[in-house]
Amino acid sequence: DKIKSLRIEIEPNQVAHAVRWISEASANGYNIICTYHKATVLGSDNANDLQDAADWWKSNYVALHASGNFIINLMNEWGDHNLTAASYATAYNSAIATLRNVYTGKIIIDVPGWGQEAYVATNAVKGLGTGGVKILDTNIVLSAHIYPGGYVQQRTDANGNITGSGVMVASDLDYMINSGRTCIIGEFGNDGSSSSDWSGIVDHAKSKSMTVLAWSWAGDGGTMNMITPQFQPYVANQSYPYTASAYFAIAYAKL
């Protein structure tokens, strides 16, 4: 069984369901990542949206943690392709400070640009090209999201100066790995346009001993749901038969 970890996406109004999901995943022995996922603000570069995530964790972490241990992924895909490293660092410094009121473990932060601007996140960690602003907390994990449509708008040199842009390639991960922080592939999948070699990038990540997590087991994956059927109504103490989709074999082979 290659599936060792689960990343649970939690919409802000789904705390009660998340308590059950965490409990079930914990009972089955999985390593758990929980992510604040607000579908209406994905890709936002508004710092208030990230702070809302931190405030949500501050309010709900104790109740969620009572169901099992998990690592916090502060917010899913905050930041667009235009976000600067300085703005990224400033916003995360504030959000992380709030989260540290209730949580002392590792914090996973998605790189901006829907998980693709690896240089921006790395430069924010190192304080390169940011006027000295950097992410202060060192107990963090950088998470990239890999799909065929992966695109890097702010590729930089070692000093943080923008040098170009283009489809995401494996060497973009190498720049992130050199951030000095743990790095993971928080999502990968095969759906989407453009020509980024998602499969090769995932293989490269594995060769660098990075944890990789496939999108998606069920619910929000479109053609990238590993099981079928989807969205069955929850009834307590009822089992739900399902079968593996064609996508399951594709995703599972990359784990």
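Throughout these views, Ala, Val, Leu, Ile, Met, Phe, Trp, Tyr, Cys and Pro count as nonpolar, Asp, Glu, Lys and Arg as charged, and the others, Gly among them, as polar. This is a predicted model, where local features need pLDDT of at least 70 and side-chain atom pairs count only at pLDDT 80 or more, while totals for chains, interfaces and linings use all residues. Residues are numbered from 1 along each chain as its sequence is written, and side-chain values use heavy atoms, with hydrogens and water left out.

**View 1. The largest pocket and its lining.** With a volume of about 1800 Å³, the largest pocket is lined by 46 residues. Strand E1 (5-10), helix H1 (15-27) and strand E9 (211-212) each give two or more residues to that lining, and E1 gives the most, with six. Look for Trp-21, Trp-217, Ala-218, Gly-219 and Ile-227, which lie nearest the pocket's centre. By type, the lining splits into 23 nonpolar, 14 polar and nine charged residues. (A pocket, on a 1 Å grid over the protein atoms alone, is an open set of points where a 1.4 Å probe fits, with protein on both sides within 12 Å along at least five of seven lines; lining residues have an atom within 4 Å of a point. Points are joined across faces, edges and corners, and the volume is the space filled by probe spheres set on them. Helices, H or I with at least four residues, and strands, E with at least two, are DSSP runs numbered from the N terminus.)

**View 2. Helix H6 meets helix H7.** The axes of H6 (residues 170-177) and H7 (residues 198-207) come within 9 Å and cross at roughly 35°; axes here are lines fitted to C-alpha atoms over the stretch in contact, with angles from 0 to 180 degrees between N-to-C directions. The crossing is right-handed, that is, the near helix is turned clockwise from the far one by less than a right angle. Ala-170, Leu-173 and Asp-174 of H6 touch Ile-201, His-204 and Ala-205 of H7, contact being heavy atoms within 4.5 Å. That makes four nonpolar residues, one polar and one charged.

**View 3. Two cis peptide bonds.** One joins Trp-215 and Ser-216, with omega about 5°, and Ser-216 sits in the loop between E9 and E10. The other links Thr-228 to Pro-229, again with omega about 5°; Pro-229 belongs to the loop between E10 and strand E11 (243-244).

**View 4. Backbone at Glu-77.** In the loop between E3 and H3, Glu-77 has phi near 50°, a positive value in a residue other than glycine.

View 5. Mean pLDDT (the predictor's confidence in each residue, from 0 to 100) is 96, and 99% of residues reach 70 or more.
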